[in-house]
Amino acid sequence: MSKIEVDQVDPQSGTTLTLGTSGDTVTVTGNVVKSNAIQASDGGNLISQSGTTNTIGAAGDTVTVTGNVVKSNAIQASDGGNIISQSGTTNTIGATGDVIKTAAGSTKLEVQGDGSSVEGKIQLNCHANSHGVILQSPPHSSGQSWTLKLPENSPTADKFIKVTSISGSGSTAVATTQFAEAGGGDMVLLSSTTPSAANTFSIDGHFTSDYDIYKIYAIGMSGSGMSNTRLSFRVNVGGTAQTGGSYYFQTVNSSKTTLAVWADNTGGTSADLGYVHSSSGSTKQGNLEMTIFRPLGTDVTGMLHEMLAWDNGTDGGKYMGSTFYNVATAISGITLGVGAFGSGNIEADRILVYGMKNS
Amino acid sequence: MKKIIIKPDGIEEIELTAEEVSQAETNDAEFQLKLQQEEQEKQDATTKKASGKQKLKDLGLNDEEIQALMGV
């Protein structure tokens, strides 16, 4: 096939340029570019222009866009839904019901500040979109560029998000977090209750391997109908108060002009802590503090106890002592009761149980 | 009467059984007996102390000498 290469072919006369004759096929392997249109091989316009209007295709054509359609205020997907649309200065990504996600491998979504005074932020709206809460960057002046990873463990009630370790340092540190106990205190409140009046209060099931030392407070104590106005206690094993003769205790009674010792060094069936005023709701209240060491150890459990109380509501005093439950076994709790576990009721405004941190 | 069980997840109230009420009454009686015995022992000790002091006086010791010797 011969080839003519020229930059321009003009008509010899007039303004009509004819290629070939009737019956010939003139093949243009590319598109025909006209001054106001690009024509396809069938003579129909692919794109034509009239004034400021650009038209894609000709009458009867089907225009197929395999990608997205870009409009002046929206980018539409093939289903007609907006991918990005604009209204005033608000740009909306996606349409109602869509899920917006970044492409795999896009490892960071960045919300920029305004370049002068307003920090980047993310707002999470209520379902009616009438309320929204905002996560916001610290100010530029703080110079912070750290990373906070969400907790690596499952959420648990009463826990806080705690930084457990960091990589890097300073303003660019990366923090690893967990749901954990709040720091700053060595005593962890395990239980706070206000029991109604009863013959006994069993405080049970709080001992775990998390702590070796426990504090139990019974505050605002009084009683009613007590056959014996002392306050006694027993230890629980497997949830049951133990009655065997295994309580070795010494409690110094220091009240008014009395200095005496309540003791049992042969193994009593309970131990005495102090007095309570057998008068319901008495203003001469007793207050007890007990320390229990290693209750889950399979050895003899030792306990310290102190009580401020009023004997019969008239003689205030301090009752301090110690008790060993002389059986090498784990205990699950203690039971407070009317003196020597006789009849009547004891009362307490509140009973608090704490675990002492080991470290 | 009832007993209260305080656990980490809440409070349980249970009425005492007849057996538990009876045991409490038995404990009352035993404790009263124990108190009486303790009181009697205390009284016996006081009586013996006074008796011993009198015997020392009968031997011719005065109160200061007895105090120095015995602390009574």
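**Exercise 1.** State how many bridges join β9(A) to strand β10 of chain A, and in which sense the two run.

*Solution.* Strands β9(A) and β10(A) (residues 132-136) run antiparallel and are joined by 5 bridges. Strands here are DSSP runs of E, at least two residues, and helices are runs of H or I, at least four residues, numbered from the N terminus. Two strands pair if DSSP finds at least two bridges between them. Within this pairing, Leu124(A) has Val133(A) as its bridge partner. The two strands form a hairpin with 6 residues between them, and Asn129(A) in the turn has a positive phi of about 60°.

The model is predicted: local features need pLDDT of at least 70 and side-chain atom pairs count only at pLDDT 80 or more, whereas totals for chains, interfaces and linings use all residues. Residues are numbered from 1 along each chain as its sequence is written, and chains are lettered from A and ligands numbered from 1 in the order in which they are written.

**Exercise 2.** Describe the contact between chains A and B.

*Solution.* First, count: chain B gives 16 residues and chain A gives 23 residues. Contact requires C-beta atoms, placed from the backbone, within 7 Å. Next, locate: on the side of chain B that touches chain A, β1 (2-7), β2 (10-15) and α1 (18-58) each supply at least two residues. The largest share, 6 residues, comes from β1(B).

Last, examine the pairing: β1(B) and strand β15 (residues 200-204) of chain A are parallel over 4 bridges. There, Ile203(A) has Ile6(B) as its bridge partner. Ile203(A) is also among the contacts of Ile216(A).

Definitions and conventions: Two residues are in contact if their C-beta atoms, placed from the backbone, lie within 7 Å. Lists of a residue's contacts leave out its neighbours within four places in sequence.
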